[in-house]
Amino acid sequence: MTDHRIILSKKELPKSWYNIQADFSKPVPPALNPATGKPATAEDFAPIFPMSLIEQEVSVERWIDIPEEVLDILSIWRPTPLIRARRLEQFLDTPAKIYFKDESVSPAGSHKTNTAVAQAYYNKQAGIKRIATETGAGQWGSALAFATNFFGIECVVYMVKISYEQKPYRRSLMNVWNATVYPSPTQNTKTGRMILEKNPGCLGSLGIAISEAIEDTVTHKDTKYALGSVLNHVLMHQSIIGLETKKQLKQVGETPDIMIGCCGGGSNFAGLIFPFVFDPMNAKKQIRFIGTEPTACPTLTKGPYRYDFGDTAQTTPLIKMHTLGHNFIPQGIHAGGLRYHGMAPLVSFLANQGMIESVSYHQNDIFKAAITFARTEGRVPAPETAHAIKAVIDEALKAKQEGKEKTIVFNYSGHGFFDLASYDKYLSNQLHDFEYPDEKIAESLKDLPNIKE
Ligand SMILES: *Cc1c(COP(=O)(O)O)cnc(C)c1O
């Protein structure tokens, strides 16, 4: 029997998170207070985040201890397996070796639970009773509901309306774990009411849902806000993925040539690759890091590297990132988790330094890749994850053409069991490709704040 799964024992669960900010030779451009144009202070973030997470956000310590209680919950499903996709390799007839880190085994079905547990823990420590958040496709909302339930914190989720309608079972899952879910835009907030007045049929966007969750936070007692991606502390919590992967590759004596992840806000991609970027092994071998995204939301491939708001109502500090503009409203493509207008500042910074590559795909192409994967490896990926798989297949075929034995490692960020309606559409030829038009990007970018740098 061939060995497919590379397993770590519980003892090998990483005890610290890795903070890439410790290894940058020049600092990442800081978040700015939009009113003053000066670097944002802890006080600017204090209304929405507990101080311990604000400290992590700006920390330049390389290693940060993972609290025992967090490890205990993570160990319900971690360490996750690293799997060699031998059947996919055989099907592609490629000399490339393909490995994937299986983050779909978490109880909520994606990598997002890694940071959800950490964030719920720090909020609990700070005496917080209620957390408000937004969710796009529902993965983040369900991950946070899973985590807050363990800590007895009330969870309120603003879910982008189009997903609320397209993915009713994600909402059910959140309800099972005790969360309250609203289709955003709602009548609960000023922002929601204003948007509905202008456009009663608005199907929502992540930018709008974030504004609503933040407004809910600052208008309720003992409430804080939690974000499932983008921010530095979130990416750091996800580093556990790459740290485990490193140990697993070592077990089989492999070093990667190419590492791939799909990019919504950038957290699963960062979680996989950050522990490798400044590793001495990389200096010797030069790993190619590839972030993938939809042509319908081409943040890394087409958005400029600029200061912008994280939300539509312009309530967040300004962050320097690849952005399509905070007023960007994406089409209803089926990879809901990849529809955010911005990209994590840390991922954007690396992209700007030429240390990572990016590529975008049409949804029919990614579903084709997903079906290939499901029919060879047996696992049904989330449409988000399928963006990574498409790049993996392309690179494996390139390796075949060039006759090179490459080692490709990708992040299997989540399963697609709640996305079968979109698989149905693909299989019956009802999915339409969409490329976000350059003129629309230019239009949305006109609203970017003017920051002198
Ligand atoms: C949310 C999500 C993504 C995209 O978010 P990142 O922060 O870029 O990781 C990708 N895959 C799955 C399965 C998700 O749930």
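The model is a predicted one, in which local features need pLDDT of at least 70 and side-chain atom pairs count only at pLDDT 80 or more, while totals for chains, interfaces and linings use all residues. Residues are numbered from 1 along each chain as its sequence is written, and side-chain values use heavy atoms, with hydrogens and water left out.

**The chain as a whole**

Switch to a cartoon view, in which the protein chain shows 19 helices and 15 strands; these are DSSP runs numbered from the N terminus, helices being H or I with at least four residues and strands E with at least two. The radius of gyration of the protein chain is 20 Å, close to the 22 Å that the globule rule gives for 453 residues, so the chain is as compact as a globular protein of that length. That radius is taken over C-alpha atoms, and the globule rule is 2.2 Å times the number of residues to the power 0.38. Along the principal axes, the C-alpha trace spans about 60 × 50 × 45 Å.

Among contacts in the protein chain with a separation of 6 or more, 77% join residues 24 or more positions apart; contact means heavy atoms within 4.5 Å. Accessible areas come from the Shrake-Rupley method with a 1.4 Å probe, and for residues only the protein chains shown count as cover.

**The ligand**

Next, select the ligand and the 19 residues that surround it, of which the closest are K112, S229, G264, S267 and N268; a residue is near a molecule if one of its heavy atoms lies within 4 Å of it. By class, this shell has four nonpolar, 13 polar and two charged residues. Here Ala, Val, Leu, Ile, Met, Phe, Trp, Tyr, Cys and Pro count as nonpolar, Asp, Glu, Lys and Arg as charged, and the others, Gly among them, as polar.

Which side chain has an N or O atom 2.6 Å from an oxygen atom of the ligand? It is that of K112. A polar side-chain atom of H111 lies 3.0 Å from a ligand oxygen atom, and one of S413 lies 2.7 Å from a ligand nitrogen atom. Taken alone the ligand exposes 380 Å², and the protein buries 98% of that. The elements giving two or more residues to the shell are α12 (267–277) and α17 (383–402).

Select N268 in helix α12. N268 is buried, with a relative accessible area of 5%. A polar atom of its side chain lies 3.0 Å from the backbone oxygen of C262. Leaving aside neighbours within four places in sequence, N268 is in contact with H111, G261, C262, N411 and S413.

Move to S106, in the loop between β5 (97–102) and α5 (113–125). At 4% relative accessibility, S106 counts as buried. The side chains of S106 and T113 make a polar contact at 2.7 Å, a term for a pair of N or O atoms within 3.5 Å; within protein, one must be able to donate a hydrogen and the other to accept it, and residues adjacent in sequence count only if both atoms are side-chain atoms.

Finish at M321 in strand β13 (residues 318–322). Is M321 buried or exposed? At 0% relative accessibility, M321 counts as buried. Beyond its neighbours within four places in sequence, the contacts of M321 include P304, Y305, H341 and S348.

Methods. Buried means under 20% relative accessible area, exposed over 50%, partly exposed in between (1.4 Å probe, protein chains only).
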